[in-house]
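Trainee: Could you walk me through how to read a structure like this one? I'd like the general idea behind each feature, then the case at hand.

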Amino acid sequence: MEDVDFSDEFCRFVQLHIPTVDAAELLLARAHRARGNTKSEKQELYEALRVNSALLIARIDLTQRMIAEGAGKAAMDLMNAAPEEQKK
């Protein structure tokens with residue numbers, strides 16, 4: 001598998017060309033994860049959820065990051081804050 005270039009230039013391209021903000025934030029979070037920048041990854045995931053609280057994949061990714069960092073209670077709180085239709 002080839003290495004993917006997650007340069008700052010790529011990140012700017014995503015912000016300009018991905019049609020929805022939440023999708024762009026999610027893609028940028030994944031780019032930051034690939035670069036090992038967990039702080040920026042979390043910031044993008046929080047922003048994706050701020051824009052669209054129903055974006056389940058962002059909630060799951062952020063929960064996994066929190067658990068990996070030992071913040072299990074915060075992860076549980078984040079999942080409990082999901083929209084009601086996602087809790088069914």
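This is a predicted model: local features need pLDDT of at least 70, side-chain atom pairs count only at pLDDT 80 or more; totals for chains, interfaces and linings use all residues.

Trainee: How many helices and strands does the chain have?

Mentor: Helices (H or I, at least four residues) and strands (E, at least two) are DSSP runs, numbered from the N terminus. Here there are five helices and zero strands, so the order from the N terminus reads α-α-α-α-α.

Trainee: What share of the chain counts as buried?

Mentor: Buried means under 20% relative accessible area, exposed over 50%, and partly exposed in between (1.4 Å probe, protein chains only). Of the 88 residues, 33% count as buried. The accessible surface, from the Shrake-Rupley method with a 1.4 Å probe and, for residues, only the protein chains shown as cover, comes to about 5,900 Å². Carbon and sulfur atoms hold 55% of that surface.

Trainee: How do I describe two packed helices?

Mentor: You give the angle between their axes and the distance between the axes. Axes are lines fitted to C-alpha atoms, for helices over the stretch in contact, and angles run from 0 to 180 degrees between N-to-C directions. Take α3 (residues 38-51) and α4 (residues 56-68): their axes come within 9 Å and cross at roughly 145°.

Trainee: Which residues make the contact of α3 with α4?

Mentor: Contact means heavy atoms within 4.5 Å. On α3, the residues are T38, E41, K42, L45, Y46, A48 and L49, and on α4 they are A58, R59, D61, L62, R65 and M66. By class, that makes seven nonpolar, one polar and five charged residues. For the classes, Ala, Val, Leu, Ile, Met, Phe, Trp, Tyr, Cys and Pro count as nonpolar, Asp, Glu, Lys and Arg as charged, and the others, Gly among them, as polar.

Trainee: Which residues form the largest nonpolar core?

Mentor: A nonpolar core is a set of buried Ala, Val, Leu, Ile, Met, Phe, Trp, Tyr and Cys residues joined through side-chain atoms within 4.5 Å. The largest one has 11 residues: L26, A29, L45, A48, L49, L55, A58, L62, M66, A75 and L78. Two or more residues come from each of α2 (21-34), α3, α4 and α5 (72-80). Look at L78: beyond its neighbours within four places in sequence, L78 is in contact with L49, R59, L62, T63 and M66.

Trainee: Where does S53 lie, and what does S53 touch?

Mentor: S53 lies in the loop between α3 and α4, and S53 is partly exposed because its relative accessible area is 40%. Not counting residues up to four places away in sequence, S53 touches R59 and P83. The C-alpha atoms of S53 and P83 are separated by 7.2 Å, though the two are 30 residues apart along the chain. N52 is in that loop too, and its C-alpha is 6.3 Å from that of D22, 30 residues away in sequence.

Note on methods:
Residues are numbered from 1 along each chain as its sequence is written. Side-chain values use heavy atoms; hydrogens and water are left out.
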